[in-house]
Number of protein chains: 2
Amino acid sequence: MRAEIISVGTELLLGQIVDTNAAYLSKILPEYGVDLHYRATVGDNESRLADALRFALKRSDIVFTIGGLGPTADDLTKETVAKVMGDEMMMHEESAALLRKFFAARGIEMPETNLKQALMPRRGRVLPNPMGTAPGAVFEGDGKAVILLPGPPREFIPMVNAQVVPYLKERVGEGAGIIRSRVLRIAGMGESTVAEMVSDLLEGSNPTVAPLASPGEVHLRITAKADTVADAVEMIDEMDRKITAILGEHIFGRDDETLEQIVVKKLIERGLTLALAESCTGGLIGNRITDVSGSSATLLAGIISYSNQAKKDILGVDEQLLDKYGAVSEQVAKAMAEGARKVTGADVALSVTGIAGPTGGTETKPVGLVYIALSSDNGTVAHEHRFSGSRFDIKLRSSQTALDMLRTYLG
Amino acid sequence: MRAEIISVGTELLLGQIVDTNAAYLSKILPEYGVDLHYRATVGDNESRLADALRFALKRSDIVFTIGGLGPTADDLTKETVAKVMGDEMMMHEESAALLRKFFAARGIEMPETNLKQALMPRRGRVLPNPMGTAPGAVFEGDGKAVILLPGPPREFIPMVNAQVVPYLKERVGEGAGIIRSRVLRIAGMGESTVAEMVSDLLEGSNPTVAPLASPGEVHLRITAKADTVADAVEMIDEMDRKITAILGEHIFGRDDETLEQIVVKKLIERGLTLALAESCTGGLIGNRITDVSGSSATLLAGIISYSNQAKKDILGVDEQLLDKYGAVSEQVAKAMAEGARKVTGADVALSVTGIAGPTGGTETKPVGLVYIALSSDNGTVAHEHRFSGSRFDIKLRSSQTALDMLRTYLG
């Protein structure tokens with residue numbers, strides 16, 4: 001089973017958007033035995049899209065289009081696919097009713113142009129879109145299929161997971177040469193250190209192991225090819241055990257598990273409550289923790305103590321400490337964590353103070369200098385770090401290191 | 001002058017890498033009068049790459065390839081382009097010497113296979129690579145050119161800037177049809193409402209206006225083609241004025257300006273200090289505000305009051321209000337904003353309380369119900385909102401709406 005992806009949108013050709021959707025779908029396809037041989041990007045232009053579609057249908061069994069399903073005049077994927085596939089469009093009443101409901105629920109009158117989104121292929125099927133107003137569609141004919149998916153990632157990803165995956169399972173079945181992969185996520189080590197520690201394992205051809213650096217963490221991707229899912233998973237499990245024997249506790253999660261999910265899970269399992277005192281991270285740690293559903297069971301509060309006054313007034317940091325050591329110091333980091341515990345009554349508190357830059361650094365306290373402290377019944381510990389990169393990088397690395405400090409503390 | 005980009009690499013087709021290089025180059029090309037009509041991605045496969053090249057050379061004047069210049073056996077871009085262009089490869093002694101020097105400087109013996117990277121087209125030219133071992137190359141013939149660029153972004157981006165841009169300037173010059181674009185960023189309205197309000201302007205062909213939905217905001221992209229940069233900018237300015245006359249204050253920024261940048265700028269201009277009280281956004285607003293360099297001049301503190309206890313203890317919210325109306329209510333939102341002002345002494349405070357889901361909703365207070373309040377010397381105002389989508393979407397839309405409320409207040 002061969003597939004191609006056609007991403008549609010002038011904003012892609014102008015480089016205003018990076019095509020993460022195509023990468024997401026590319027990752028999914030081999031897991032269901034579908035070979036992706038080709039990807040193309042065209043603008044919002046009917047004749048070029050039609051050319052790309054005809055070309056793709058010659059070579060491939062399934063063609064995915066991404067984008068161009070919106071309500072406006074330059075959204076023309078559906079019309080173009082219908083022409084190329086020789087199908088007709090009809091009003092899909094169910095989708096039209098959902099559209100009306102969507103607008104009514106928001107108390108907005110629906111512009112009539114939106115009804116265009118409920119036009120569907122006569123011979124194909126509709127892919128519901130619970131996250132937006134543009135349903136997807138499957139056009140079928142001559143043993144080939146064109147699958148139309150929406151462009152906004154928050155609509156695209158759920159539709160791939162809920163609609164495309166079952167479709168592929170039904171159409172392709174097992175035994176077609178299955179590829180499975182798993183990502184091991186590692187914190188507290190750099191990419192080259194990880195690569196050196198597992199260097200022997202990087203040489204294999206099936207399964208393969210490939211290192212990949214991601215901001216603040218390192219990923220090792222294990223990919224196995226086999227005839228059945230069970231065989232592929234067994235090969236991955238074996239490699240996972242080998243890598244785990246080498247890297248141990250530095251592996252914090254697998255696949256989509258995030259550091260914040262692991263930390264929230266451990267805190268809830270232990271029945272511990274958490275408080276945060278963030279200076280240079282400015283709420284990023286709180287934001288990450290509260291991205292985890294159920295985090296309200298452990299997070300009591302966070303204080304973004306961006307000014308010295310807030311450090312004193314809300315966290316009770318001693319003015320003398322601020323005067324003597326400065327806001328970016330081990331002493332103040334410790335006082336912030338202790339203050340956050342006191343004011344909230346939390347079991348554990350995490351604090352961060354540092355210089356995110358690009359300005360504000362001095363010779364003795366350069367941009368990237370960050371102190372992270374953890375306070376609990378067992379006392380208060382602080383570490384000094386020096387991070388590099390942009391303001392955004394330094395915030396992200398600080399949050400990552402703080403969450404990893406908490407993870408390690410929780411064991 | 002028409003161009004196409006071919007990205008080469010099985011890791012792209014497997015979705016292990018997102019193709020940021022192609023987006024980067026896409027953004028550069030129109031600035032030098034080059035029209036990008038098509039982008040393709042192929043794996044490390046000689047025959048498919050050759051097909052893609054032949055196809056691209058039929059339609060376009062310049063073809064860029066990205067990737068496949070490394071020393072290993074699956075790097076075959078240069079060999080394939082040479083065949084398709086009918087050119088020969090020869091050892092480029094200068095590049096070979098640089099390669100040897102590169103390895104010597106690291107105290108590593110150079111594997112002989114690396115010399116492959118110094119093979120260059122006989123008729124073309126070499127693009128030096130100060131960041132790595134793989135030089136780029138230009139193959140020329142029949143008035144067409146194929147430009148080969150390396151895959152690692154840290155090598156690719158400097159080569160585009162230092163080699164490709166001067167090449168394009170020389171080859172294309174001005175007067176060949178310059179393309180410029182500008183994005184108007186709109187908050188507080190949906191995509192279809194925006195499209196309907198400016199529908200007449202969406203019909204034009206030069207400049208074109210295209211709407212695009214982004215989480216929590218809508219973008220309108222104006223694109224103009226002209227003989228000179230000055231003409232293109234003038235056309236854009238004129239269209240910008242027309243759209244601004246219709247959408248007015250709903251346009252909060254242009255191009256890469258974010259809502260948080262605008263808000264921080266306005267606060268600093270007015271000499272106003274800010275405090276935050278975040279419940280369901282969990283620090284996201286603080287994180288966005290502190291992403292802006294210089295935000296410490298206005299943000300005094302934020303309180304992530306995730307528990308009722310924190311709302312009472314830190315923000316001084318009256319227990320009776322919490323009992324009577326619940327934490328997610330207009331009354332508590334107002335009390336949070338007023339409490340944040342009181343505890344920090346800030347001029348303006350913004351508060352958010354709501355149900356981000358996916359659990360925790362009830363019939364009267366469903367997931368997505370969010371109250372946002374703003375408190376200042378002029379009093380306290382709160383609004384009720386109903387957002388849809390995932391937990392992440394609801395947090396993002398809440399933060400976006402809160403920042404836009406503050407922007408509107410600042411005028």
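Why is β3(A) largely enclosed by the rest of the structure? Five of its five residues are buried, so the rest of the structure largely encloses β3(A). Here "buried" means that 20 or more other C-beta atoms lie within 10 Å of a residue's own, while "exposed" means 12 or fewer and "partly exposed" is in between, with C-beta atoms placed from the backbone.

This is a predicted model, in which local features need pLDDT of at least 70, side-chain atom pairs count only at pLDDT 80 or more, and totals for chains, interfaces and linings use all residues. Residues are numbered from 1 along each chain as its sequence is written, and chains are lettered from A and ligands numbered from 1 in the order in which they are written.

**Chain A as a whole**

- Chain A holds 14 helices and 17 strands; helices (H or I, at least four residues) and strands (E, at least two) are DSSP runs, numbered from the N terminus.
- The C-alpha trace of chain A spans about 80 × 60 × 40 Å along its principal axes.
- Of the 411 residues in chain A, 50% are buried.
- Two residues are in contact if their C-beta atoms, placed from the backbone, lie within 7 Å. Among contacts in chain A between residues at least 6 apart in sequence, 66% join residues at least 24 apart.

**Around strand β3 of chain A**

- Both faces of β3(A) are covered: A:Ile62, A:Phe64 and A:Ile66 are buried on one side, and A:Val63 and A:Thr65 are buried on the other.
- Two strands pair if DSSP finds at least two bridges between them. β3(A) runs parallel to β1(A), with five bridges joining the two, and A:Ile6 stands opposite A:Thr65 in β3(A).
- Five bridges also join β3(A) to strand β8 (residues 144-149) of chain A, again running parallel. Here A:Ile66 stands opposite A:Leu149 in β8(A).
- Helix α2 (residues 20-28) of chain A has A:Asn21, A:Ala22, A:Ala23, A:Leu25 and A:Ser26 as its buried residues. These pack against β1 (2-8), β2 (35-42), β3 (62-66) and α6 (153-172) of chain A, together with α1 (10-13) of chain B.

**Domains of chain A**

- Domain bounds come from an automatic or database domain assignment. For chain A, the assignment gives domain 1 (2-172), domain 2 (178-254) and domain 3 (259-410).
- The centres of domain 2 and domain 3 of chain A, taken over C-alpha atoms, are 31 Å apart. Their contact takes seven residues from domain 2 and eight residues from domain 3.

- With 19 residues, helix α8 (residues 229-247) of chain A reaches 26 Å from its first C-alpha to its last, close to the 27 Å expected at 1.5 Å a residue. That expected span is 1.5 Å times one less than the number of residues.
- Just after α8(A) comes A:Gly248, which takes a positive phi of about 50 degrees.
- In chain B, four strands form an open antiparallel sheet in the order β10-β11-β9-β12. The edge strands, β10 (208-214) and β12 (251-254) of chain B, each pair on one side only.
- Seven antiparallel bridges link β10(B) with strand β11 (residues 217-226) of chain B, where B:Ala210 stands opposite B:Arg221 in β11(B).

**Where the two chains meet**

- The contact between the chains takes 70 residues from chain B and 70 residues from chain A. On the side of chain B that touches chain A, strand β2 (residues 35-42) of chain B gives the largest share, seven residues.
- Strand β14 (residues 299-304) of chain A pairs with strand β14 (residues 299-304) of chain B in the antiparallel sense over three bridges. A:Gly302 stands opposite B:Ile304 in β14(B), and A:Ile304 has B:Gly302 as its bridge partner.
- An open sheet of 10 strands with mixed pairing has the order β17(A)-β16(A)-β15(A)-β13(A)-β14(A)-β14(B)-β13(B)-β15(B)-β16(B)-β17(B). At its edges stand β17 (379-386) of chain A and β17 (379-386) of chain B, each with a single partner strand, so one side of each is left without a neighbour in the sheet.
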